[in-house]
Amino acid sequence: MEYDATKVDNSVVDKEIKEVARYSANGQRLDAPTKGLNIVRYSDGSVRKELHN
């Protein structure tokens, strides 16, 4: 069996990452961005904090 150091197997190609949920700082689910701290969960499982003025 030959080994190729440049070959990548089982690579995962990210599909379009979409927002799946948005929460306020106190945990209330939001329908849209609101003033203050917003916690956003994405389809890839990541979570980000956003600050809106």
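**View 1. S24 sits in strand β1.** Strands here are DSSP runs of E with at least two residues, while helices are runs of H or I with at least four, both numbered from the N terminus. This is a predicted model, where local features need pLDDT of at least 70, side-chain atom pairs count only at pLDDT 80 or more, and totals for chains, interfaces and linings use all residues. Residues are numbered from 1 along each chain as its sequence is written, and side-chain values use heavy atoms, with hydrogens and water left out. S24 counts as buried at 12% relative accessibility; buried means under 20% relative accessible area, exposed means over 50%, and partly exposed is in between (1.4 Å probe, protein chains only). Its side chain makes a polar contact of 2.4 Å with the side chain of N26. A polar contact is a pair of N or O atoms within 3.5 Å; within protein, one must be able to donate a hydrogen and the other to accept it, and residues adjacent in sequence count only if both atoms are side-chain atoms. Setting aside neighbours within four places in sequence, S24 is in contact with L30, L37 and I39, contact being heavy atoms within 4.5 Å.

**View 2. A21 is another residue of strand β1.** A21 is buried, with a relative accessible area of 7%. Look across to β2 and you find R41, the bridge partner of A21. V40 is 19 residues away from A21 in sequence, yet the two C-alpha atoms are 5.9 Å apart in space. Not counting residues up to four places away in sequence, A21 touches R29, I39, V40 and R41.

View 3. A search of the whole structure turns up two salt bridges, each being a side-chain nitrogen of Lys or Arg within 4 Å of a carboxyl oxygen of Asp or Glu. One pairs R22 with E19, with the closest N and O atoms 2.8 Å apart. R22 is buried at a relative accessible area of 5%, whereas E19 is partly exposed at 41%. R22 also meets E50 in a salt bridge, 3.1 Å from N to O. Since R22 lies in strand β1 and E50 in strand β3, this pair ties together parts that are 28 residues apart in sequence. E50 is partly exposed, with a relative accessible area of 22%. Through shared partners, the salt bridges join E19, R22 and E50 into one network.

**View 4. Strands β1, β2 and β3 and how they pair.** Two strands pair if DSSP finds at least two bridges between them. β1 (residues 19–24) pairs with β2 (residues 36–42) in the antiparallel sense, over five bridges. β2 and β3 (residues 47–52) also run antiparallel, joined by six bridges. In this second pairing, I39 stands opposite K49 in β3. The β2 and β3 strands form a hairpin with four residues between them, and G45 in the turn has a positive phi of about 95 degrees.

**View 5. The chain as a whole.** Step back and you have three strands and zero helices, in the order β-β-β along the sequence. Of the 53 residues in the chain, 13% are buried. Among contacts in the chain with a separation of 6 or more, 13% come from residues 24 or more positions apart. The accessible surface comes to about 5000 Å², and 48% of that belongs to carbon and sulfur atoms. Accessible areas come from the Shrake-Rupley method with a 1.4 Å probe, and for residues, only the protein chains shown count as cover.
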